[in-house]
Amino acid sequence: MPQDHRPTGSVRILLAEDQGMMRSALALLLGMEPDFEVVAQVAAGDEIVDAALLARPDVALLDIELPGRSGLDAAADLRTEVPDCRVLILTTFGRPGYLRRAMEAGASGFLVKDGPVGDLAKAIRQVLGGETVIDPALAAAALGAGPSPLTPRERDALNASVDGATVSDIAAKLSLSESTVRNYLSSAIGKTGTRNRTEAMRAARRQGWL
């Protein structure tokens, strides 16, 4: 049976959203719920864990693509650092690969931003009640898409390929030999059915594998 994490007082919420207008609007709308209190707001992924340790929220609403660090990576750390905090991913990018990674990171829910705020409030209460809440259309797509074919090291190599990084740059960043990096990139290109690492990176991002 799912464990009930519902707090006895008001629900303390942390918001992680890099768009200031969206973050302010969410804080305002959630603050209108009689039992909700937004106790922390951050604009970058690398600020999430520190803010949660300070504010001790009951629920963290995390975007995925944030400056500094992915909300998915932060979700995994919250599970360790602030285990009583439920994580709800709220994103524009409803990609099957993102959903799988969110669940692996310990998230309790995954919603896209185009839904009504009433559904979000309901989802917050559901995850506090021990339920897992997932956008139905995205759940169906994830089941059909299957898991990511990329290994963790192949993902690292593709992620390190941004901004025109050379193989030498990637090798230095990942503390690997250049030949090993070439092997990882070649394997990732083959698995994504693309012609080069730039195309492979784009294809993997479209699927939510990065």
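Q: Which residues line the largest cavity?
A: The lining consists of Leu 15, Ala 16, Glu 17, Leu 26, Leu 61, Leu 62, Asp 63 and Leu 90. The model is predicted, so local features need pLDDT of at least 70 and side-chain atom pairs pLDDT 80 or more, whereas totals for chains, interfaces and linings use all residues. Residues are numbered from 1 along each chain as its sequence is written, and side-chain values use heavy atoms, with hydrogens and water left out.

Q: What makes a space a cavity or a pocket?
A: On a 1 Å grid over the protein atoms alone, a 1.4 Å probe fits in a cavity but cannot get out, while a pocket is an open set of points with protein on both sides within 12 Å along at least five of seven lines; lining residues have an atom within 4 Å of a point. The structure holds one cavity of 30 Å³ or more, and the largest cavity has a volume of about 40 Å³.

Q: Which strands each supply at least two residues of the lining of the largest cavity?
A: They are strand S1 (11-16) and strand S3 (59-62), a strand being a DSSP run (E) of at least two residues and a helix one (H or I) of at least four, numbered from the N terminus.

Q: What is the lining of the largest cavity by class?
A: It has six nonpolar, no polar and two charged residues. Ala, Val, Leu, Ile, Met, Phe, Trp, Tyr, Cys and Pro count as nonpolar, Asp, Glu, Lys and Arg as charged, and the others, Gly among them, as polar.

Q: Which residues are closest to the centre of the largest pocket?
A: The largest pocket holds about 600 Å³ of space. Of its 20 lining residues, Ser 70, Asp 73, Arg 101, Asn 159 and Leu 210 are the closest to the centre. Helix H3 (71-81), helix H4 (96-104) and helix H7 (152-159) give two or more residues to this lining. By class, the lining has eight nonpolar, three polar and nine charged residues.

Q: Which element gives the largest share of the lining of the second largest pocket?
A: The second largest pocket holds about 310 Å³. Leu 90, Val 112, Gly 115, Pro 116 and Leu 120 are the closest to its centre, out of 18 lining residues. H5 gives the largest share of this lining, six residues. The lining divides into 12 nonpolar, two polar and four charged residues.

Q: Why does Met 32 count as exposed?
A: Exposed means over 50% relative accessible area, buried under 20%, and partly exposed in between (1.4 Å probe, protein chains only). Met 32 has 62% relative accessibility, and therefore counts as exposed. Its place is in the loop between H1 and strand S2 (36-42).

Terms used. Grid points are joined across faces, edges and corners, and a volume is the space filled by probe spheres set on the points.
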